[in-house]
Amino acid sequence: MDDVEDERSTLAWFLTGARGIFSLPAVILMLSFVGFCALTVQAGIPPEQVVFMTGIVWALPAKVILVSSILSGASLATAFLAVTLSSVRLMPMVAALVPELRGSKTPTWLLLLLSHFVAITAWVFAMERVPQVPRNHRVAFFAGFGITLVAANMVLVGVVYHLVAEFPPLVAGCLFFLTPVYFLTSIWHSARHPVIYVALAFGLVAGPLFYWIAPEFDILLAGIGGGTLAWGAERIWRSRREAAP
Amino acid sequence: MTSTDGWWAYAFIAIAGWLATDLWRWLGVLAGKRLREDSEALNWVRAVATALVAAVIAKLILYPTGVLAQSPLWLRLGAVAVGAIAFFLARQKPVAGIATAIAVLAIGLWWLGF
């Protein structure tokens with residue numbers, strides 16, 4: 001009896017996660033995918049491959065780099081290296097999410113499987129909403145959101161591929177700009193630890209700085225350098241505050 | 001054989017796209033499983049993950065691709081600044097910040113003849 005009860009509520013949480021497709025972050029991501037679709041049309045990549053890429057790579061920045069590698073006629077090794085370097089950030093993102101997500105009995109294989117659905121939007125969404133979900137249903141909630149979001153975008157990309165070529169430049173420009181503006185507001189809005197604000201500020205400065213110093217490894221260096229500095233600064237500030245009477 | 005032909009195209013996407021990204025996600029799961037939710041190590045991982053995403057954001061705003069590459073930097077920075085003011089005035093409602101920033105950008109692009 002208990003098992004039936006539990007199974008039903010797991011399904012209910014999966015569906016609650018799936019309803020996240022109607023949230024602001026999901027809508028913004030879909031608009032960004034429309035923008036990405038326009039890029040692939042310009043690059044001359046056939047629609048079936050764009051749909052395949054959406055499902056199997058998922059992270060939008062990685063796909064943009066993959067498409068530009070294909071466009072420039074890069075070799076497999078060069079393209080692999082460029083995408084790998086740009087995707088290192090997925091590791092700390094997943095590592096920060098896993099302790100929030102897993103229950104006491106969550107098997108590792110399930111986490112490995114679900115990690116595929118982590119990209120910036122799903123990460124920001126999950127870090128924001130998951131704390132309000134009972135711990136033993138968090139995996140179901142995230143699975144519902146992640147799977148629905150990927151499937152919806154695969155369909156979207158297939159449908160809009162033939163429509164996006166004629167977008168006026170003003171619309172294309174605004175679609176592109178949605179992504180950074182959305183990331184900024186939602187990270188600030190969803191931050192539950194003071195270190196997030198400091199890291200956000202340090203990363204915004206470190207990104208361009210390292211792009212100027214070492215453009216091939218800029219994101220990686222900005223993340224590790226800026227993030228470590230932000231962590232250290234917040235820690236000193238915190239211990240001083242705790243030491244004060 | 002170019003990379004947009006037949007099965008090779010799919011193999012190319014699978015190796016250079018899927019393997020190159022999921023590799024890091026899997027490593028993230030293995031690392032994250034060892035982290036306690038209240039530990040200082042997780043705090044550091046959070047800071048690094050956030051700074052990485054922030055660096056991506058800064059690059060998208062400062063060095064955009066496509067149409068925006070031709071737009072002036074002051075317009076993009078101005079749109080973000082006005083959007084940030086609206087965000088804080090509206091008691092940190094994301095929609096307010098996003099809508100304002102996009103509206104400022106759209107008006108600017110239109111005024112510049114895009």
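**Helix packing in chain A**

Reply: Helix 3 of chain A and helix 9 of chain A run roughly antiparallel to each other, because angles over 145 degrees count as such. This is a predicted model.

Me: At what angle do helix 3 and helix 9 of chain A pack, and how far apart are their axes?

Reply: Two packed helices are described by the angle between their axes and the distance between the axes. Here the pair is residues 47-56 and residues 138-160 of chain A. The angle is about 165 degrees, and the axes are 9 Å apart.

Me: What is the handedness of the crossing where helix 3 of chain A passes helix 9 of chain A?

Reply: The two helices are roughly antiparallel. As helix 3 of chain A passes helix 9 of chain A, the crossing is right-handed.

Me: Which residues of helix 9 of chain A meet helix 3 of chain A?

Reply: Helix 3 of chain A brings A:Pro47, A:Val50, A:Val51, A:Thr54 and A:Gly55. This contact between helix 3 and helix 9 of chain A has six nonpolar, four polar and no charged residues. On the helix 9 side of chain A, the partners are A:Val150, A:Asn153, A:Met154, A:Val157 and A:Gly158.

Me: What covers the buried residues of helix 3 of chain A?

Reply: The buried residues of this helix are A:Val50, A:Phe52, A:Met53 and A:Thr54. A:Val50 and A:Thr54 also belong to the contact with helix 9 of chain A. The cover includes helix 2, helix 4 and helix 9 of chain A, together with helix 1 of chain B.

Me: Are helix 6 and helix 8 of chain A roughly parallel or roughly antiparallel?

Reply: Residues 90-101 and residues 120-129 of chain A pack at about 30 degrees, with axes 10 Å apart. Their crossing is left-handed. Angles under 35 degrees count as roughly parallel. Helix 6 and helix 8 of chain A are therefore roughly parallel.

Me: Which residues of helix 8 of chain A meet helix 6 of chain A?

Reply: Helix 6 of chain A contributes A:Met93, A:Leu97 and A:Glu100. The contact of helix 6 with helix 8 of chain A has five nonpolar, no polar and one charged residue.

Me: Which helix gives the largest share of the side of chain A that touches chain B?

Reply: The contact takes 83 residues from chain A and 67 residues from chain B. The chain A side has 60 nonpolar, 20 polar and three charged residues. Its largest share, 19 residues, comes from helix 10 of chain A.

Methods. Residues numbered from 1 in each chain as written. Chains lettered and ligands numbered in written order. Predicted model: local features only at pLDDT ≥ 70, side-chain atom pairs only at ≥ 80, totals over all residues. Axes fitted to C-alpha atoms, helices over the stretch in contact; angles between N-to-C directions. Helix = DSSP H or I, 4+ residues; strand = E, 2+ residues; numbered from the N terminus. Parallel < 35°, antiparallel > 145°, perpendicular 65-115°, else oblique. Left-handed = near helix turned anticlockwise from the far one by under 90°. Contact = placed C-beta atoms within 7 Å. Nonpolar A, V, L, I, M, F, W, Y, C, P; charged D, E, K, R; others polar. Buried ≥ 20, exposed ≤ 12 C-beta atoms within 10 Å, placed from the backbone.
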